[in-house]
Amino acid sequence: MERKKYVWDPLVRLFHWSLVVLFVTLALILDPESALHVKLGYVVAGLIAFRVVWGLIGTRHARFTDFPPSPRAAMEQLGDIATGRKRLHLGHTPLGALMIYNLLLTIGLIALTGWMMGTMRFFGVEWVEEVHEALVGWAGISVIAHIAAVVYESRRVGINLPKAMVTGYKAIPQEE
Amino acid sequence: MSIKTHMKASLVALALVAATPLPGMASSAISQDVQAQITEMLTADGYEVRKIVPEDGMIEVYAIKDGQMLELYLDADLNILRIKQK
């Protein structure tokens, strides 16, 4: 038996998957010197800005208050994983929260340094481009870890988390 | 899959991402002598030279002139083949 809980509103879901498509496109597909790269970079900046606003005024599980950055809670979750305890988090888990703040910040800084490279002051300035590229590498590593963690956590607690980010609903397994 | 297999798979994937060179990365730099030549030549022509890198078998120069951000593409003999306005 499963109980369905509505967790992710349409804007959170649209934000998430738009960012996935844009990140892959910008990091792996487009020529970094192309005009389209710059334009889509601005779209990403807009998405991040939207998510921050939505994190302040949005639906319950979209709000930052629903998943505050908490090293203590993250440690507790690691303890749960180690001892086999399945504690239910309807929204983002503590570890998930840390990853999200990491990604929002990293991608925000990628957009910022990208913008800087188009300004008179920082055009052709080496360190800005190097930081931009280093952050993209870090984001790539984070994305791989994020995917691995979501798959792992889905199996551990018996909830299809990727599907929930598509449909908005988490199917919570009930004890027999 | 067990936790261990997941972790191993993730680490392999991470290593691949970390090892993959990003598109547009320079394979080898332009020598200091050539950079100095280019800088002298372009500065005399009113450019403020910001960066010189190899690109697609040419020499790419990021420079500013008359308040415009430009990318100049030079051949090995330092002839300007193309100027792209950013």
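A residue is called buried here if 20 or more other C-beta atoms lie within 10 Å of its own, exposed if 12 or fewer do, and partly exposed in between, with C-beta atoms placed from the backbone. By this count, buried residues make up 20% of the 176 residues in chain A, and 12% of the 86 residues of chain B count as buried. The model is a predicted one, in which local features need pLDDT of at least 70 and side-chain atom pairs count only at pLDDT 80 or more, while totals for chains, interfaces and linings use all residues. Residues are numbered from 1 along each chain as its sequence is written, and chains are lettered from A and ligands numbered from 1 in the order in which they are written.

Along the sequence they follow the pattern β-α-α-α-α-α-α-β. The C-alpha trace of chain A spans about 65 × 30 × 30 Å along its principal axes. Two residues are in contact if their C-beta atoms, placed from the backbone, lie within 7 Å; among contacts in chain A between residues at least 6 apart in sequence, 65% join residues at least 24 apart.

Helix α2 of chain A (residues 35-57) has 23 residues, which should span 33 Å at 1.5 Å a residue, and its end C-alpha atoms agree with this at 34 Å apart; the expected span is 1.5 Å times one less than the number of residues. The buried residues of α2(A) are A:Gly41, A:Val44, A:Leu47, A:Ile48 and A:Arg51, and they pack against α1 (10-29) and α4 (94-117) of chain A.

On the α2(A) side, the contact includes A:Gly41 and A:Ile48, and on the α4(A) side it includes A:Leu104 and A:Gly108. A:Leu105 also lies in helix α4 of chain A, but counts as exposed, with 12 C-beta neighbours inside 10 Å.

Chain B has 2 helices and 4 strands, in the pattern α-α-β-β-β-β. The 4 strands form an open antiparallel sheet in the order β1-β2-β3-β4; strands pair if DSSP finds at least two bridges between them. Strands β1 (48-55) and β4 (80-85) of chain B stand at the edges with a single partner strand each, so one side of each is left without a neighbour in the sheet. The twist averages 20° from one strand to the next. Helix α2 of chain B (residues 32-44) packs on this sheet, touching β1, β2 and β3 of chain B, and its direction makes about 135° with that of β1(B).

Within the sheet, β1(B) and β2(B) pair over 7 bridges in the antiparallel sense, with B:Tyr62 in β2(B) as the bridge partner of B:Lys51. These strands, β1(B) and β2(B), form a hairpin with 2 residues between them, and B:Asp56 in the turn has a positive phi of about 55°.

How values were computed: Axes fitted to C-alpha atoms, helices over the stretch in contact; angles between N-to-C directions.
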